[in-house]
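These are my notebook entries on one structure, set down in the order in which I looked things up. I began with the record and then turned to the packing of the helices.

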Amino acid sequence: MSNEIYTRKLRRSRTDRMVAGVCGGWAHVLGVDAALLRILLVAATILGFGTGAILYLICWIVMPREPAADW
């Protein structure tokens with residue numbers, strides 16, 4: 001039996017992005033489709049009087065960008 005611990009780091013995605021890669025990064029960590037998170041974010045923005053947009057901006061500022069792939 002292996003005792004390896006796998007950690008996922010929350011980073012803005014370079015590949016799965018529409019604006020800044022925030023939803024793509026969260027989708028990678030949570031293991032869900034980024035489109036689902038984008039739909040939920042738009043709904044939260046519309047129904048929550050801009051709360052979703054504010055959360056997105058905070059994540060954009062706080063989350064580091066995913067490192068570039070070395071080819």
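Before using the record, I note that UniProt positions are given in the numbering used here, that feature names are shortened, and that annotations may be inferred rather than shown by experiment. I also note that the model is a predicted one.

**Entry 1. Annotated spans**

I looked up the domain first. The unreviewed UniProt entry places "domain: Phage shock protein PspC N-terminal" at residues 8-66. I then computed the content of residues 8-66: 59% helix and 0% strand, with 12 Å between the end C-alpha atoms.

Under "transmembrane region", the unreviewed UniProt entry lists residues 18-37 and residues 43-63. For residues 18-37 I find 65% helix and 0% strand, and the end C-alpha atoms are 12 Å apart. For residues 43-63 I find 81% helix and 0% strand, and here the end C-alpha atoms lie 22 Å apart.

**Entry 2**

I next asked how the helices pack. Two packed helices are described by the angle between their axes and the distance between the axes.

Helix α1 spans residues 22-30 and helix α2 spans residues 34-47; their axes come within 8 Å and cross at roughly 120°. I therefore record α1 as oblique to α2. The crossing of α1 past α2 is right-handed. From α1, the residues in contact are Cys23, Gly24, Trp26, Ala27 and Leu30, and from α2 they are Ala34, Leu37, Arg38 and Leu41. Sorted by class, this contact of α1 with α2 comprises seven nonpolar residues, one polar and one charged.

**Entry 2. Helices α2 and α3**

The axes of α2 and α3 come within 5 Å, and the crossing angle is roughly 125°. Angles of 65 to 115 degrees count as roughly perpendicular and those over 145 as roughly antiparallel, so α2 is oblique to α3. On the α2 side I list Leu41, Ala44 and Thr45, which meet Thr51, Gly52, Ala53 and Tyr56 of α3. The contact of α2 with α3 has four nonpolar and three polar residues, and no charged ones.

**Entry 3. Helices α1 and α3**

For α1 and α3 I find an angle of about 80° and axes 10 Å apart. This makes α1 roughly perpendicular to α3. Val22, Cys23 and Trp26 of α1 meet Tyr56, Cys59 and Trp60 of α3. By class, I count six nonpolar residues in the contact of α1 with α3, with no polar and no charged residues.

Which residues does cysteine 59 contact, leaving aside its neighbours within four places in sequence? They are Val22 and Trp26. Cysteine 59 itself is placed in helix α3. I also checked cysteine 59 against isoleucine 46: they are 13 residues apart along the chain, and their C-alpha atoms are separated by 18 Å.

I searched for aromatic pairs and found one in the structure. The ring centres of tyrosine 56 and tryptophan 60 are 6.2 Å apart and the planes stand at 75°, so I class the pair as edge-to-face. Both residues lie in helix α3, which spans residues 51-62, and they are four residues apart, about one turn of the helix.

I then turned to valine 19, which sits in the segment before α1. Not counting residues up to four places away in sequence, valine 19 touches Tyr56 and Trp60. Valine 19 and tryptophan 60 are 41 residues apart in sequence, yet 9.5 Å apart in space, C-alpha to C-alpha.

Terms used:
Residues numbered from 1 in each chain as written. Predicted model: local features only at pLDDT ≥ 70, side-chain atom pairs only at ≥ 80, totals over all residues. Heavy atoms only, no water. Helix = DSSP H or I, 4+ residues; strand = E, 2+ residues; numbered from the N terminus. Axes fitted to C-alpha atoms, helices over the stretch in contact; angles between N-to-C directions. Parallel < 35°, antiparallel > 145°, perpendicular 65-115°, else oblique. Left-handed = near helix turned anticlockwise from the far one by under 90°. Contact = heavy atoms within 4.5 Å. Nonpolar A, V, L, I, M, F, W, Y, C, P; charged D, E, K, R; others polar. Phe/Tyr/Trp six-rings, centres within 6.5 Å; stacked < 30°, edge-to-face > 60°.
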